[in-house]
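This report walks through a single chain, one topic at a time. Please keep the sequence and the structure in view while reading.

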Amino acid sequence: MLRFVLIVVLVISGPIQAKTLQILTMENAPYSFTQNNEVKGIGVALVKEAFKRMDQPIQVSIAPWARAMEQIRSGTVDGLFNVYRTAEREFRIITR
């Protein structure tokens, strides 16, 4: 009986739609750049393909480093890629 109830609930609820993740990157051709108001590049294509294979919708946007860090800290975006480790960034992380 419990199995029947679970099956009915799953059928009635329909397919679950995943939330579209908001992902940021920095302008850094050829990895990520804007062309005709669309974010493109080698890195962007790779990230989009990886999430596509997981059936996870994403929205990729470009932002400067400081804005990207603020949005990550505040939780308004879900991820960041195409980040390079530099001495200045490492110092900022350590001192905070």
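Does N36 count as buried or exposed? The model is a predicted one, and in it N36 counts as exposed because its relative accessibility is 70%, where the cut-off for that class is over 50%.

## The loop between β2 and β3

N36 lies in the loop between β2 and β3, and although N36 is not a glycine, its phi is positive, at about 55°.

Within α2, the residues that are buried are G43, V44, V47 and F51. These residues are on the same side of α2, because the arc they cover around the axis is only 100°. As background, an α-helix has 3.6 residues a turn, so residues three or four places apart point the same way.

The face of α2 that is turned away from the buried side carries I42, L46, K52 and R53, which are exposed. On the buried side, the residues of α2 pack against four strands, namely β1 (21–25), β3 (38–40), β4 (58–62) and β5 (79–81). Just after the helix comes D55, whose phi is positive, at about 55°.

## Strand pairing around β1

Strand β1 pairs with β4 in the parallel sense, and five bridges join the two; within this pairing, I23 has V60 of β4 as its bridge partner. β1 also runs parallel to β5, to which three bridges join it, and here T25 stands opposite F81 of β5.

## The nonpolar cores

Which residues make up the largest nonpolar core? It has eight residues, which are I23, V39, V44, V47, F51, I58, V60 and F81. Both α2 and β4 supply at least two residues of this core, and α2 gives the most, with three residues. One of the residues in this core is V44, and once its neighbours within four places in sequence are left aside, V44 is in contact with Y31, S32, V39, V60 and F81.

In soluble globular proteins, nonpolar side chains tend to be buried together.

## The loops on either side of β1

K19 is found in the loop between α1 (2–13) and β1, and K19 is exposed, with a relative accessible area of 55%. Apart from its neighbours within four places in sequence, K19 is in contact with Q56, P57 and D78. K19 and I58 are 39 residues apart in sequence, while the distance between their C-alpha atoms is 8.3 Å.

P30 has its place in the loop between β1 and β2 (33–35), and the peptide bond that leads from A29 to P30 is cis, with omega near 5°.

Conventions:
Residues are numbered from 1 along each chain as its sequence is written. This is a predicted model: local features need pLDDT of at least 70, side-chain atom pairs count only at pLDDT 80 or more; totals for chains, interfaces and linings use all residues. Side-chain values use heavy atoms; hydrogens and water are left out. Buried means under 20% relative accessible area, exposed over 50%, partly exposed in between (1.4 Å probe, protein chains only). The arc is that of the directions from the helix axis to the C-beta atoms. Contact means heavy atoms within 4.5 Å. Two strands pair if DSSP finds at least two bridges between them. A nonpolar core is a set of buried Ala, Val, Leu, Ile, Met, Phe, Trp, Tyr and Cys residues joined through side-chain atoms within 4.5 Å.
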